[in-house]
Amino acid sequence: MSTETIHVSVAWPYANGDLHIGHLAGCYLPADIFARYHRLRGNQVLMVSGSDSHGTPITVEADKRGTTARAVFEHYHERFLKTQRKIGISYDLFTHTDTEIHHQVAQDIFTTLLERGYLYTEKQTLLYSESEKRYLPDRYVEGTCYICKYPHARGDQCDHCGNLMDAVQLINPHSRNNPDDKLVRSESEHYFLDLAQFTQQILDYLADHAHHWRPNVSRFSQNFVKDGLRGRPITRDIDWGVRVPLDGWEDKRLYVWFDAVMGYLSASIEWARNTGQPDAWKKWWYNPAAKIYNFIGKDNIPFHTIIWQAELLGIDGIYNEGDPTYGDAQLQLPYDVPANEFMNIEGQQFSTSRNWAVWLPDLLERYQADAVRFYVARTFPERQDSDFSWDGFLARVNNELLAAWGNLVNRMLGFAWKRFDGVVPAPDKLTDADAAIIARCEAGLDLVGELIAEVRPKEALEETLSLARAVNGWLNEREPWRAIKQDRADAARSVYTALRCIDNLKILFAPFTPFSSQQVHEMLGYDGQLFGEQRIENYSEETRDHLALVYDGAATVGRWEKSALPPGQKLQKPSPLFTKLDAEIVEQERQYLGQARAEREIG
């Protein structure tokens, strides 16, 4: 079977606070399930992301805490690494946007776009604080909403009516740091990306991909372009971020929306250099057979279906001149952008300001990572908003994950351990029903695999659960615990069949619940890892160190295949996969919602 070349690009979180369940449901877990499946298939996968180090939410948090933006981003970046490792998000590289490589790539792209005539300058009317002696980014501005008249609208969005704001149009705008500071309108010159030049190319691109994109993503993107592409500012008056590589522009930085998406490319280049193969990233970016997937939330759609494409079209060939392998190839545009909708919490919209959120570091202190992964995957907001409820978490973990899968593994491995001397029993000729249930589980590899490959993980998990329930139903009819009293050979047939089914189900569950699947793998008597090793690495660069989450996938060698469990294989003593949840957790966890959360110390 020929292998595929798959690039998994995952949205970059602002490093200004801990990760929450919305991050996991929106893009991180779907991307990880997708990447793990393709690794099990033996495909060549590169999965990258990182912390967005330069967004104004970080400088706002720094001002609030009386510290520096660097201190804030480094603090939360390290927490991101630990949290994602604990929940099992298997990046080949999770880095950040304040590395030398990212700065250089972003500046190269800016310079190339400028030289090719895709940038222009224009004066903007902005809000200037005379007391602070600077132009204020939107996040630093507050005022009365000009749509609903809410008195505390932010400069970028009104939390009351939900509309995006133009800070200059706010009524009585003032600095969030100083409510008495009346702001004045003043002009500042900035560079703009001339998106209109790419209109036809992007329309053609969207049309070419419409058949395999989610309808809401395709429809939104096409309407966005048809409404008319306009120039968008790519520089801003701020002192934190990637420098504009031009004389006279020392007091400005590249806009974070412009350079963050470049991280997919810069992280790929960084991964290649860190692994001692500096041109290896081109296998995904200049290879026409490669497929690039951008996993994001729906609020990021235009940046990943239009603006990033424009940037890539504008810089085609930037790192490829004279390359003997890919010299004539074009930079690959994303093949798919499977944007998820939003996950609400107990029927209400997520809100960090009200602490209406489920924070991942807290959640993982109390619950198994696979239990969290399973519930979130069962409630993915793939095509419409979904809801995280503690009633649902309790029911799905106890009645599905534990009852249908965990108990199946525990009772059959426990039975084989006790009644067949801890080895896989050797059967004689299987019954038709035995052969049929094995065949059904084996067929699930194709069906579940196809669903994951089409980025339909919610349906894939439902199908996997259906197979586990079918095995339980078959087992209740065969009743080896009764047969062993009169017909040990018949009991051996059914136990062998059950273990073969479990061996297949272990693989089907593995992208969703990798920790427990590894446990099953070992209890069945296999050596080695289903997946590779995740570790936090300290990479030394030219001027500073930085921490990154890296993945060594060498152990993954095409394990998405039918069970070949040999009779006589020695089993390991079984242990429970999952902990049953107490009903009391529902009210306990609900009480945490909306309560003030202790701030993490920085520094």
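Analyst: Buried means under 20% relative accessible area, exposed means over 50%, and partly exposed lies in between (1.4 Å probe, protein chains only). The model is predicted: local features need pLDDT of at least 70, side-chain atom pairs count only at pLDDT 80 or more, and totals for chains, interfaces and linings use all residues. Residues are numbered from 1 along each chain as its sequence is written, and side-chain values use heavy atoms, with hydrogens and water left out.

User: Does E589 count as buried or exposed?

Analyst: E589 forms a salt bridge (a side-chain nitrogen of Lys or Arg within 4 Å of a carboxyl oxygen of Asp or Glu) with R366, and their closest N and O atoms are 2.8 Å apart. R366 counts as partly exposed because its relative accessibility is 39%. The relative accessibility of E589 is 4%, and therefore E589 counts as buried.

User: How many residues apart are R366 and E589?

Analyst: Helices are DSSP runs of H or I with at least four residues, and strands are runs of E with at least two, numbered from the N terminus. R366 belongs to helix 11 (residues 360-366) and E589 to helix 19 (residues 585-592). The pair links distant parts of the chain, and the separation is 223 residues.

User: Which residues are linked with E462 in a network of salt bridges?

Analyst: E462 forms a salt bridge with R378, with the closest N and O atoms 2.8 Å apart. E462 lies in helix 15 (residues 457-478) and R378 in helix 12, so the pair ties together parts 84 residues apart in sequence. R469 also forms a salt bridge with E462, at 3.7 Å between the closest N and O atoms. The residues linked with E462 in the network are R378, R396, E400 and R469.

User: Are helix 12 and helix 13 roughly parallel or roughly perpendicular to each other?

Analyst: Axes are lines fitted to C-alpha atoms, for helices over the stretch in contact (heavy atoms within 4.5 Å), and angles run from 0 to 180 degrees between N-to-C directions. Helix 12 (residues 369-378) and helix 13 pack at about 105 degrees, with their axes 10 Å apart. Angles under 35 degrees count as roughly parallel, over 145 as roughly antiparallel, 65 to 115 as roughly perpendicular and the rest as oblique. Helix 12 and helix 13 are therefore roughly perpendicular.
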